[in-house]
Amino acid sequence: MKPISVDLLAQRLEAERKARPDGAINRMLYECLRGAIHDASLPAASRLPPSRDLAAQLGISRNTVMHAYEQLMAEGYAKGLTGSGTYVADRIPDPPSLPRAAMASTHGAPAVAARLSRRGRQVIDKALAQTRQWGAFMPGLPDITQVPQQKLAKIVARLARSQSPAMLSYAAGGGHPALHRSLAVYLRQARSVVCEPEQIVVTEGVHQAIDLITRVLGDPGDTAWVEEPGYWGTRSVLEINGIRLKPLPVDAEGMRPPPGDRPAAQAPRFAFVTPSHQYPLGAVMSMSRRLDLLAHAARDGTWVVEDDYDSEFRFAGQPIASLQGLLPNAPAAQVIYVGTFSKTLYPGLRIAYMVVPASVATAFRTAQSELYRGGHMLMQAALAEFIDSGLYAAHIRKMRLVYAARRAFLIALVQQWLGADWIHEYDTGAGLHLVLALPEGMDDVAVTEACAAQGVLVRPLSRYYLGRRRRSGLLLGFASVPQEQMLAPFEIVVRCIRQAVPA
Ligand SMILES: Cc1ncc(COP(=O)(O)O)c(C=O)c1O
């Protein structure tokens, strides 16, 4: 029998849709749910409708419902109970102080419609960033409890005492010069990057680096080659900047550029790649593919953007040198190297960096300052000291051992409970996540949703594809929690997989 709450939500969502025909459906659903929790139409501790049923009744995707539930859980309005679904929290947070019109809209009365732009809608409708960003098996998250915060804080505190205006003002020069110098040494030694400090621009995460690259070097209508499957974050930034995406399939040797020459009009402006550890499948781009890509880029005037997001964590064999480091073999190619502290330290730091050719370094620094005004100089100066003192390299060495053990533990669980052939064939023993290959036809979004309802975070592989040919799978992060906290969530994942019947 259909619960009353489903009818209520259907009515409210319908009213919202009429009031805001251009509104993002996931936002509207979330607001209806939150409104119903606040006015106790969905009472404290009551069970929310199963997301599958609610999606079917409302005629929307289960992913949309799942997102709304995740948002409510992250904000304390709801909780997932192991094995039995999602419930309204026992104690409801205070309502946010919304403008009157917005409050009215959550109760079904006419609202002042906030009309989003076409591109704003595009980002929001395709949004994949999870609202909860910790716990087993959140992919891509390092163990933030292991960060040597006290050592870092000591450096910050000492630098802060200097009261230097430069530390607390805008960063106009693409970041702190000391960090440029430290990174140049680190990148040359650890990643074989060919660079001088003047080529480095410090950004607020990889996303800002990609945004800057796209704006400074690209125009709306330009084309970018992107990996298929690939990182949705890169795609979102490109799309909002009007860049057309050309997905190129990935195999065991990385992204495969199309063979032969192409007319100048079809040459891509950009090629975005993750050569050290293809995201999400894990392949390492072979030397012949790297040289081929650089040859394409040199001939077509394409900017190759190398996202080296987690290359510090490779658990077997030799470290893989950067693609950018091959520039002496391909001097006509244009490569931008991008790296981040999000995986080696912690994502909330929001500090990443790029190495751009000297010819465009000033343009990047000026554009960054114009568009975003840089900051965090104190932290950047502290990071420079942290690197120079050897603490950074020591932390990476330590975490490499920790993550290797966690990865081995998770692999053993997979082998024992599911079988060795469930690990994706492109896995190369690196990074912070594993990809489980699900049987053909199994709905990985449904499995993800079932796991989320029980408090376990995984990601569906199918969502990393742009085209229709999609492999079903799950991304499981193994880095953020110790082995003893993996077993129970893994059992939940296995149960959810076993309950999902391939179509
Ligand atoms: C391939 C890839 N690039 C970049 C990032 C994000 O880096 P940042 O946190 O520096 O924005 C991620 C995050 O998971 C990623 O998977």
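Arg-350 is placed in the loop between strand E9 (334-340) and strand E10 (352-355). Helices (H or I, at least four residues) and strands (E, at least two) are DSSP runs, numbered from the N terminus. Although Arg-350 is not a glycine, its phi is positive, at about 55°. The model is predicted, so local features need pLDDT of at least 70 and side-chain atom pairs count only at pLDDT 80 or more, while totals for chains, interfaces and linings use all residues. Residues are numbered from 1 along each chain as its sequence is written, and side-chain values use heavy atoms, with hydrogens and water left out.

**Ligand surroundings**

Arg-350 is also one of the residues that surround the ligand, along with Gly-205, Val-206, His-207, Tyr-231, Tyr-279, Asp-307, Tyr-309, Thr-340, Ser-342 and Lys-343. A residue is near a molecule if one of its heavy atoms lies within 4 Å of it.

| Residue | Atom of the residue | Distance to a ligand oxygen atom |
|---|---|---|
| Val-206 | polar backbone atom | 2.9 Å |
| Thr-340 | side-chain N or O atom | 2.7 Å |
| Ser-342 | side-chain N or O atom | 2.7 Å |

**Cis peptide bonds**

Tyr-279, listed among the residues around the ligand, is joined to Pro-280 by a cis peptide bond with omega near 10°. Pro-280 lies in the loop between strand E7 (270-273) and helix H12 (287-300). The peptide bond from Glu-228 to Pro-229 is cis as well, with omega near 0°. Pro-229 belongs to the loop between strand E4 (223-228) and helix H11 (232-240).

**Domains 1 and 3**

The chain is assigned domain 1 (4-125), domain 2 (163-389) and domain 3 (394-499), with bounds from an automatic or database domain assignment. Between domain 1 and domain 3, the C-alpha centres are 29 Å apart. In this pair, 13 residues of domain 1 are in contact with 10 residues of domain 3, where contact means heavy atoms within 4.5 Å.

About 870 Å² is buried between domain 1 and domain 3, and carbon and sulfur atoms give 53% of that area. Buried area is the accessible area (1.4 Å probe) that two parts lose on being put together, summed over both. Of the area that domain 1 buries against domain 3, Arg-62, Asn-63 and Met-66 supply 48%, more than any other three residues.

The rule finds 2 salt bridges across this interface of domain 1 and domain 3; a salt bridge is a side-chain nitrogen of Lys or Arg within 4 Å of a carboxyl oxygen of Asp or Glu. It also finds 2 residue pairs in polar contact there, both at pLDDT 80 or more. On the side of domain 1 that touches domain 3, helix H3 (51-58), helix H4 (62-74), strand E1 (78-81) and strand E2 (85-88) each supply at least two residues. Helix H4 gives the largest share of that side, 5 residues.

Arg-62 forms a salt bridge with the side chain of Glu-449 (3.5 Å, N to O). Arg-62 also forms a salt bridge with Asp-443, whose closest N and O atoms are 3.5 Å apart. This pair links distant parts of the chain, with Arg-62 in helix H4 and Asp-443 in the loop between strand E11 (433-437) and helix H16 (444-453), 381 residues apart.

Definitions and conventions: A polar contact is a pair of N or O atoms within 3.5 Å; within protein, one must be able to donate a hydrogen and the other to accept it, and residues adjacent in sequence count only if both atoms are side-chain atoms.
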